Amino acid sequence: MLENFFDGIYSTTTSGIPDFKMLLDGNWVLLGQRIEVRSPIDDGLIATVPSASEREAEQAVESSYTNRNSIRTIPAVEKIEIFQRARELLLQNKNSFTSVLVQEAGKPLSNAEGEIKATAERLKLTPEDYGKIRGEHIPGDWSDETVGTSADVLREPLGVVLAISPFNYPLYITATKVIPALLAGNAVVVKTSSKDPLSFLMFARILEEAGIPKGTLNVVTGRGPIGEYLAGHEKVSMLTFTGSTEVGKKLARVAGLKRLHMELGGKGCAVVLADADLDLAAKETVKGSLSYSGQRCDAVSRVLVEQTIAGPFVKKILKEVETYNVGDPHDPAVKMGPLIDRNAVERVHELVADAVKKGAELLTGGKHEGNYYYPTVLDNVPLEAKIMWDETFGPVIPITHVKGVDEAIELTNRSKYGLDSCVFTNDINVARKVAKRLEEGEVTVNAAPRHGVGYYPFGGNKDSGIGREGIGYSIEEMTRLKTIVYNWKPAKVWADLMKDQD
């Protein structure tokens with residue numbers, strides 16, 4: 001499964017199962033307690049990783065804290081060179097990453113390859129990322145109190161950044177936290193998802209070989225309570241977390257007075273208006289709902305369509321859904337693989353059953369085998385159904401008919417979430433109205449929401465989170481301002497300048 005480049009980060013058990021290590025203070029270490037990593041494809045055991053205790057978590061923080069100046073003092077040009085080497089190494093080992101992402105996360109080949117491509121692109125764009133760090137010079141002559149002084153405002157690293165990552169993009173999302181944090185001069189502790197930690201352990205090996213200083217990146221594999229312990233550590237300066245709103249709120253309470261970045265739940269809505277291109281709207285809505293089986297915070301997880309065109313629109317949705325076949329994600333022809341585990345399947349099915357019980361029409365799907373949930377379309381979903389308000393994280397398209405644009409806006413904004421939504425219309429004035437009035441972090445016009453490589457800033461409002469991620473935006477979140485004030489009166493600089501003007 002893995003190329004020789006990764007030999008140092010795992011050993012092989014007598015049963016032939018890879019036994020991975022974790023990166024602690026510059027060393028790859030094994031522990032007695034293990035976590036089994038099982039593939040959602042068939043629940044088969046594919047690897048084991050260390051189950052860290054508070055002792056190892058403490059060592060990780062201490063290592064990053066002690067070595068934080070090692071990354072801070074590297075010139076930006078050298079850090080950018082490190083990340084460009086990392087990009088080359090990632091692409092050289094693309095096959096290993098693809099294989100692992102398919103196995104541990106159940107990603108179809110195209111999704112796995114897309115995640116690797118996006119990570120490589122993020123590394124490629126580090127010069128642009130770093131270039132967004134800007135200071136400013138402020139003259140003091142705008143106020144009587146500051147005449148004869150000036151100030152320089154600088155951006156400096158925070159210290160130690162804790163990155164806690166989700167299962168759905170175990171390589172890319174974790175990398176997009178770690179790359180700007182290191183680039184800004186912070187040391188980093190990563191707490192991986194226990195469901196699929198392998199791909200980021202491999203990426204840590206890439207960064208190590210590329211030249212990240214020893215001890216500035218520590219990777220902890222463990223269960224949920226270790227994340228809470230790390231979040232509350234006094235030597236951690238920032239927590240960047242992607243995951244559920246429930247867990248995010250718990251971590252925020254534990255973290256206390258730290259810089260927080262939270263990318264939390266979403267309930268993305270597709271608003272389809274009467275003048276929309278229905279073929280485009282159906283294609284984009286289905287893609288937004290079913291890509292990676294809907295296991296995305298930016299997924300389209302409810303559809304509000306004007307009732308005058310609901311009939312033909314729903315027919316186009318059903319036709320488009322037929323192109324999304326379910327099967328073994330190793331097959332290049334397969335578009336949809338499994339959900340991450342049985343708990344996820346049961347949760348999605350409960351939401352579908354609740355909607356049907358309350359009056360929704362089940363047009364297709366609504367069934368599952370193992371961890372595979374078939375693409376499901378529900379029409380005329382009543383507002384009382386939980387699936388209209390709860391994050392789905394599964395391949396379900398709930399459709400509700402509305403009278404017009406104002407009702408669609410009101411229903412979209414009624415959600416406790418505010419991550420992203422989209423609107424389909426050929427009237428630019430209406431599109432602007434919807435975009436301005438929706439209480440979302442991002443609104444996409446005539447396409448499904450898609451964060452991609454993060455070239456545009458993204459993040460949520462309300463229960464969808466705090467802060468923004470993206471090229472240049474993440475690095476701003478991971479730095480703090482320092483103001484240096486100069487009193488020029490002793491040097492008589494200001495007096496001399498005034499004398500020259502006289």
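Let's start at Asp275, which sits in the loop between β14 (268–272) and α11 (278–290). Those labels follow DSSP runs, numbered from the N terminus: helices are H or I runs of at least four residues, and strands are E runs of at least two. What you're looking at is a predicted model, where local features need pLDDT of at least 70 and side-chain atom pairs count only at pLDDT 80 or more, while totals for chains, interfaces and linings use all residues. Residues are numbered from 1 along each chain as its sequence is written, and side-chain values use heavy atoms, with hydrogens and water left out.

Back to Asp275. Its relative accessible area is 35%, so it counts as partly exposed; the scale calls a residue buried under 20%, exposed over 50% and partly exposed in between, using a 1.4 Å probe and protein chains only. Leaving aside neighbours within four places in sequence, Asp275 is in contact with Thr425, Asn426 and Asp427, where contact means heavy atoms within 4.5 Å. With Thr425 there is also a side-chain to side-chain polar contact at 2.8 Å. (A polar contact is a pair of N or O atoms within 3.5 Å; within protein, one must be able to donate a hydrogen and the other to accept it, and residues adjacent in sequence count only if both atoms are side-chain atoms.) For a sense of scale, the C-alpha atoms of Asp275 and Ile138 are separated by 51 Å, and the two residues are 137 apart along the chain.

Now for the sheet. Seven strands make up an open sheet with mixed pairing, in the order β16-β19-β20-β15-β14-β22-β23. Two strands pair if DSSP finds at least two bridges between them. At the edges are β16 (361–364) and β23 (442–445), each pairing on one side only. From one strand to the next, the twist averages 20°. Inside the sheet, β15 (residues 300–306) and β20 (residues 396–402) run parallel over 4 bridges, and Val303 has Ile399 as its bridge partner in β20.

Val356 belongs to α13 and, leaving aside neighbours within four places, is in contact with Leu362 and Leu378.

What about the nonpolar interior? A nonpolar core here is a set of buried Ala, Val, Leu, Ile, Met, Phe, Trp, Tyr and Cys residues joined through side-chain atoms within 4.5 Å. The largest has 59 residues, and Phe20, Phe97, Phe203, Leu207 and Leu217 touch the most other members. Helix α8 (residues 198–210) gives the most to this core, with 9 residues. Apart from it lies another core, of 31 residues, including Cys269 and Leu378.

Finally, the cysteines. The whole structure has 0 disulfides, a disulfide being a pair of cysteine sulfur atoms within 2.5 Å. For Cys297, the nearest cysteine sulfur is that of Cys422, 14 Å away. Cys422 is buried, at 1% relative accessible area, but its sulfur is 7.4 Å from the closest cysteine sulfur, in Cys269, which is too far for a bond.

Notes
Axes are lines fitted to C-alpha atoms, for helices over the stretch in contact, and angles run from 0 to 180 degrees between N-to-C directions.
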